[in-house]
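Subject: Structure for you to look at

Dear colleague,

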Amino acid sequence: MLRMQLLGEFGGSPVSQGLAVLSLAVTFGLALGAIRFRGMRLGISGVLFAALIFGQFGWTVESKVLDFLRDFALILFVYALGLQVGPGFVSSLRQEGLRLNVLSLAVIVLGALLTAGIVRFTWLPKATASGLYAGAYTTTPGLAAGQDALRHMGGPDAPSRVARAGLAYTVTYPFGIIGPILVIVALRRMFRVDVAAERAALAAAEQVKRPPIEAVEFEVVPGEYVGRRLREHPLLRGKGVVLSRLLRGNTVAVPTGDTEILAGDVYRAVGPRNRLAEVVGAIGKPTDAGLGTIAGDVRRLDLIVTRTQVLRRSLNELDLIRRAGVTVVRVNRAGIDLAPKASLKLQFGDRVTVVGPEMGLKLVEEELGNCPDVLNRPQLVPIFLGIVLGVVVGSVPLAIPGLHTSIRIGLAGGPMLAAIALSQLGNIGSVVWYMPVAANGLFRDFGLAVFLACVGLQAGDHFLQNLAHSGGAELVVWGALITVLPVLLVGIVARLMMKMNFVTLAGWVAGAMTSSPALMFANEVAGSDTPATVYAAVAPLGLLVPILCAQLLVLLMS
């Protein structure tokens, strides 16, 4: 009665009723997800469970309205996700990231093979395979891809097959959230890990591999390099060391490549710690002249790159030192300090530290933009254009050797691939594929919340009755096995054979399973943000590959 009275206020319109029910489900779900239990909370995943309750009590949405809201929310979610992980996607596949991604790929494929074996050799309906896999790995795009493949198969029982996949997903999803956390705990106890010692060892290794950017001052002493130009010094070419200031006599200036090295000169050098030691040792001796406090027409300025004209142009091409007498001493990109080598190309949103005369700094500021407000204003044209490209990419059929049919990565993968590619491209003219952090978080969370609500409302209709007739307990057991077994086995191999540091291992577990709750737990256990860096390195493949695996499960089980 209450439901009829409430929905009656909306004049019986399916759209208005659907939005009201959906919004209530999301509201209650977020409130449920905010409740902490023993330091853990469901977060945005609580929306799924609230929607299941709504569906069980008959608070449903008209099917066509639900389908549209689900697909549109999915597009927003995966597109924003692609823009978030895109800038680091290529770099994540290099060096250490390559090893981590191979291990993650093994976990994802083993999970798909295990799912196929379970469904083939048990009583489970074949249509549950993609949902069982998606729930065990908490891959929302994977569920969407699997259900999309089931719809494309057609037939009068297509809706029931889609419903079975959704039911398997909702049943296995809860343990899919908890499972990776249990794996991290199990690995820690299995190997009797001293987290403090592991953290210290990782920090020491990181110092060697990526020395921090520092600044030192040194005085030139007589030697073989005196009388030569700075550009002729072998340790200053391509090493990432920048000489930002020069004190000669009582005058402070910005040195250039044509500056002659003279005994008694005092320089301020900025660069990686190990390279600085080489330069200072070759030219002079450390000093504490305090060049930053000596009066002169040399200033330091922090800028933000917001002009499209300088994007994808290297520091060598910009040639600021010759044109404006200004030296770039530091570039910070997404919180990471980069050595300002001549080959480094600027990207939108880079934070650049420059040193030079006041007039030169004004010229450089105008050239780079330095308009923080631009960063906080998301451009709508790139968003909608990217979505169009994503839909097109998702509809392209991909032939799989050995199968008589093709697959499409669909709305779950197309917008994500398009966003990753466009974020690598950066810009086309004035159209920049950059989304502010706050805007990206809003798009991503809004899309995910609405999608989970749609899935929950769809699966929640007579949920308990369907669960009783579909062997819900068995689905939970099989889902838990798929969640834990592959990542635990590969994690043991990574620790025993590859000697992987536990802090890295914890972040890898969260990233391989693309589990945000596990990431928060890993950060808390490690006492640092290092697991988040590892998570970012493996998450892109962890998001993309399950989309293909879910569709392959549908085809192989048909």
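Predicted model: local features only at pLDDT ≥ 70, side-chain atom pairs only at ≥ 80, totals over all residues.

Helix packing

I would begin with helix α8, which covers residues 140–152, and helix α9, which covers residues 158–190. These two helices pack at an angle of about 165°, and their axes lie 9 Å apart. Because angles over 145 degrees count as roughly antiparallel, α8 is described as roughly antiparallel to α9. The crossing that α8 makes as it passes α9 is right-handed. On the α8 side the contact is formed by Thr140, Leu143, Gln147, Leu150 and Arg151, while α9 contributes Ala158, Arg161, Val162, Ala165, Gly166 and Tyr169. Sorted by class, the residues of this contact are six nonpolar, three polar and two charged.

Helix α9 also packs against helix α7, which covers residues 129–136, and here the angle is about 20° with the axes 7 Å apart. Since angles under 35 degrees count as roughly parallel, α7 and α9 are therefore taken to run roughly parallel to each other. Their crossing, too, is right-handed. From α7, the residues Ser130, Gly131, Leu132, Ala134, Gly135 and Ala136 meet Ala165, Ala168, Tyr169, Thr172, Tyr173 and Gly176 of α9. This contact of α7 with α9 holds seven nonpolar and five polar residues, and no charged ones. If you compare the lists, you will find Ala165 and Tyr169 of α9 named both in the contact with α8 and in the contact with α7.

Cavities

How many cavities of 30 Å³ or more does the model contain? The count comes to two.

The largest cavity holds about 50 Å³ of space, and its lining is made of Leu83, Pro378, Gln379, Pro382, Ile383, Val432, Trp433, Tyr434 and Met435. By class, that lining has eight nonpolar residues and one polar residue, with no charged residue.

The second largest cavity has a volume of about 30 Å³, and the residues that line this cavity are Phe348, Val374, Arg377, Gln379, Val432 and Tyr434. Its lining divides into four nonpolar residues, one polar and one charged.

With best wishes

Terms used: Residues numbered from 1 in each chain as written. Heavy atoms only, no water. Axes fitted to C-alpha atoms, helices over the stretch in contact; angles between N-to-C directions. Helix = DSSP H or I, 4+ residues; strand = E, 2+ residues; numbered from the N terminus. Parallel < 35°, antiparallel > 145°, perpendicular 65-115°, else oblique. Left-handed = near helix turned anticlockwise from the far one by under 90°. Contact = heavy atoms within 4.5 Å. Nonpolar A, V, L, I, M, F, W, Y, C, P; charged D, E, K, R; others polar. 1 Å grid on protein atoms, 1.4 Å probe; cavity = no way out; pocket = protein on both sides within 12 Å on 5 of 7 lines; lining within 4 Å. Points joined across faces, edges and corners; volume = space filled by probe spheres on them.
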